[in-house]
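Please look through the sequence and the structure below with side-chain contacts in mind.

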Amino acid sequence: MNSLYRLGILAGMAAALCVCSAEADAQRLAKEYRLKKIVPVEGRQGIAVDSSFYYVSDTKALYKYDKDWNLVAVNKQPFRHPEIANHFGDIDVWNGEIYCGIEKFEYGRGYNIAVSIYDANTLEWKRDLPWCPESGQVEVSGIAVDRDRNMVWMSDWVDSRYVYCYDLKTGKYHTKMQCMPTPYWCQGITIADGKIVFSADDGEAAYGIPDNLYVAELGEVPYTGLKNGEEVVKDTPFSVKLDKNGKPVMRKGLIAAGAQKGRVEHFREMADFKRAGEIEGVAIDPVNNDLLVLNNRGTRIVLGMSQGPISEEGYTGEVHEVYVYEIRN
């Protein structure tokens with residue numbers, strides 16, 4: 001075979017492989033989905049997927065499943081300093097790494113927030129990206145990698161008005177987006193087709209009212225960062241600290257320098273869950289574009305924490321399930 005011809009074939013094969021790899025890593029968001037199957041899983045928090053595996057986070061563990069939903073790996077001691085951080089939220093996976101928002105979570109409030117990155121092969125911790133408290137974020141419920149912009153976004157369950165963006169190249173806070181209208185109690189996020197999808201625990205399990213998914217265009221994401229300024233000191237995420245004269249306490253220093261506006265639209269009501277409960281993570285399979293949504297049912301939840309099973313309905317513990325939806329043609 002002519003050497004130039006052989007080189008041409010090899011180059012063509014390499015190009016085809018690159019295209020297949022790019023396609024396999026590019027999630028697409030459809031307008032309508034139909035339920036394909038329901039899969040019981042071990043974890044209650046997040047769901048992520050790449051071309052070969054599913055990844056599920058529990059509050060204090062990581063699980064890895066093959067594409068037939070066989071459990072192939074577990075890390076039940078994922079935190080380097082469990083006295084500082086004790087909670088995973090929703091997760092994402094990209095380039096062989098699992099991105100996790102971690103924190104110490106106690107009854108509706110997060111502390112010691114960070115982006116922890118784990119090896120997708122071994123499920124072992126690799127490194128952290130530091131949190132920027134001056135951004136205004138007070139909790140991390142979910143995390144999503146923006147592959148087009150090389151950024152990572154974090155949601156806030158306590159105050160879901162904003163999602164927060166960090167530059168993966170620098171590891172620093174980039175900007176935040178105000179969600180208008182605001183999804184109530186955002187639990188998970190994922191990014192596809194330049195859009196961010198939110199899962200919101202805005203139903204009412206006691207009355208059988210379902211939770212929902214929402215979507216917003218990201219558009220341009222200009223840098224705003226931090227600036228020197230003045231802002232009110234908060235006593236809690238929803239109340240200001242007052243001095244002895246009853247006036248708000250102010251602080252000077254670095255504060256968020258700005259935010260972009262995100263127009264949020266209703267995407268899907270999750271009325272096909274077996275029982276209304278606590279919606280959690282959301283992801284899109286890069287291979288077939290299936291929509292994956294994790295839901296918990298069977299326990300009473302107070303400020304994000306389980307209070308035991310709903311025994312009068314026959315539950316003896318919480319049930320964790322991933323609902324797999326295919327695109328409706």
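The model is predicted. Its salt bridges number 20. One of them joins R44 and E280, whose closest N and O atoms are 3.5 Å apart. This pair links distant parts of the chain, 236 residues apart: R44 lies in the loop between strand 1 (33-40) and strand 2 (46-49), and E280 lies in strand 22 (residues 278-284). R44 has 9% relative accessibility and therefore counts as buried, since the limit is under 20%. E280, at 1% relative accessibility, counts as buried too. R44 and E280 also belong to a network with E278 and E318, joined by salt bridges that share partners.

A salt bridge also forms between R147 and D92, with 3.3 Å between the closest N and O atoms. Here the loop between strand 10 (142-146) and strand 11 (151-155), which holds R147, is linked to strand 6 (residues 87-94), which holds D92; the two residues are 55 residues apart. R147 and D92 are both buried.

The salt bridge between E321 and K274 has an N to O distance of 3.7 Å. E321 is in strand 26 (residues 319-327), while K274 is in the loop between strand 21 (260-269) and strand 22, and the pair spans 47 residues.

The aromatic rings come next. The structure holds 12 aromatic pairs. In the pair of Y54 and W69, the ring centres are 3.8 Å apart and the planes are at 10°, so the pair is stacked.

F88 and Y118 make an edge-to-face pair, at 5.7 Å centre to centre and with 75° between the planes. F88 is in strand 6 and Y118 in strand 8 (residues 110-119), 30 residues apart. Both of these residues, F88 and Y118, are buried.

One aromatic cluster is formed by F105, W157, Y184 and W185. Charges and rings also meet directly: the charged end of K64 sits over the ring of F53, 4.2 Å from the ring centre, and that of K176 sits over the ring of Y162, 4.4 Å from the centre.

Terms used. Residues numbered from 1 in each chain as written. Predicted model: local features only at pLDDT ≥ 70, side-chain atom pairs only at ≥ 80, totals over all residues. Heavy atoms only, no water. Salt bridge = Lys/Arg side-chain N within 4 Å of Asp/Glu carboxyl O. Helix = DSSP H or I, 4+ residues; strand = E, 2+ residues; numbered from the N terminus. Buried < 20%, exposed > 50% of the residue type's maximum accessible area, 1.4 Å probe, protein only. Phe/Tyr/Trp six-rings, centres within 6.5 Å; stacked < 30°, edge-to-face > 60°. Lys NZ or Arg CZ within 6 Å of the ring centre and 35° of its normal.
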